[in-house]
Amino acid sequence: RGWGVPLRRVKSALRELERKTFHLCGLLVPLIHLALLEAGFRQRTCILMAWAITSIGWSADLARLHIPFVARHWPLQTILRDHEHEQLTGGCYFSLGCTLAMTVSPPDVSSCAIIFLVLGDMAAALIGVSFGGEVASLKLGREGKKSVEGSLAMFCVCFLVAMVFFWDVQLSEYAAVVAAATATLTELYEPLLLDDNLTIPFFSALALQVALYRVRCPPCANVREARCYLF
């Protein structure tokens, strides 16, 4: 054992870390979105740009699957999961999930939901691979492959992210718990059998909006509305 992690898991943990480190680039999505709004771009314009980028990404990945030349020269092949060699990559679903979250929710909510996916899913994967089954032997998820440790890690990270975003909202704990639980359960059970890169930001954004309205705090309409007020 090394640093509390069984040596037999170190290789798997390092490989997962490589994938999730690349996954951190997803933080650029909310950062660029908010920066564009600060620069004077309208929300509608940002959404249209996101749909354009998503369409390009899906077209490129479909070309990878059907055009051998593209497949041979596809970048970052080493971090593709086994099934992604024959299917669309998680990046496609990530792009679509982020775009849908931006489309159905205000910037503060969509940004929070996207960070749920980036940091929460990363925590679930890394803790699950490294420590899954060490404390609790119970297996979760649709196929029984998820661990209690990984799910708790994701819930805690998502809860903290939501609290940072909405720290000045009365009863923000309620909204944070609802949104974090939605993200965690979506990662666990993959509703509609869709990739969680698509469903986590989408369902989390919807749940967060509902929770914020229940505490009588409509989400901010744009990035300049830095504070939500109770009515």
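Helix H3 (43–66) has buried residues (under 20% relative accessible area with a 1.4 Å probe, protein chains only): Cys-46, Ile-47, Ala-50, Thr-54, Asp-61, Ala-63 and Arg-64. Helices here are DSSP runs of H or I, at least four residues long, numbered from the N terminus. The cover over the buried residues of H3 includes H2, helix H4 (68–72) and H5. The length of H3 also fits: at 1.5 Å a residue, its 24 residues should span 34 Å, and its end C-alpha atoms are 35 Å apart, which agrees. The expected span is 1.5 Å times one less than the number of residues.

This is a predicted model, where local features need pLDDT of at least 70 and side-chain atom pairs count only at pLDDT 80 or more. Residues are numbered from 1 along each chain, and side-chain values use heavy atoms, without hydrogens or water.

Now the core. A nonpolar core is a set of buried Ala, Val, Leu, Ile, Met, Phe, Trp, Tyr and Cys residues joined through side-chain atoms within 4.5 Å. The largest one has 35 residues; Cys-112, Phe-116, Phe-166 and Leu-208 have the most contacts inside it.

H6 gives the most, with nine residues. Beyond its neighbours within four places in sequence, Cys-112 is in contact (heavy atoms within 4.5 Å) with Val-161, Ala-162, Phe-165, Phe-166 and Leu-208.

Methods
Buried < 20%, exposed > 50% of the residue type's maximum accessible area, 1.4 Å probe, protein only. Helix = DSSP H or I, 4+ residues; strand = E, 2+ residues; numbered from the N terminus.
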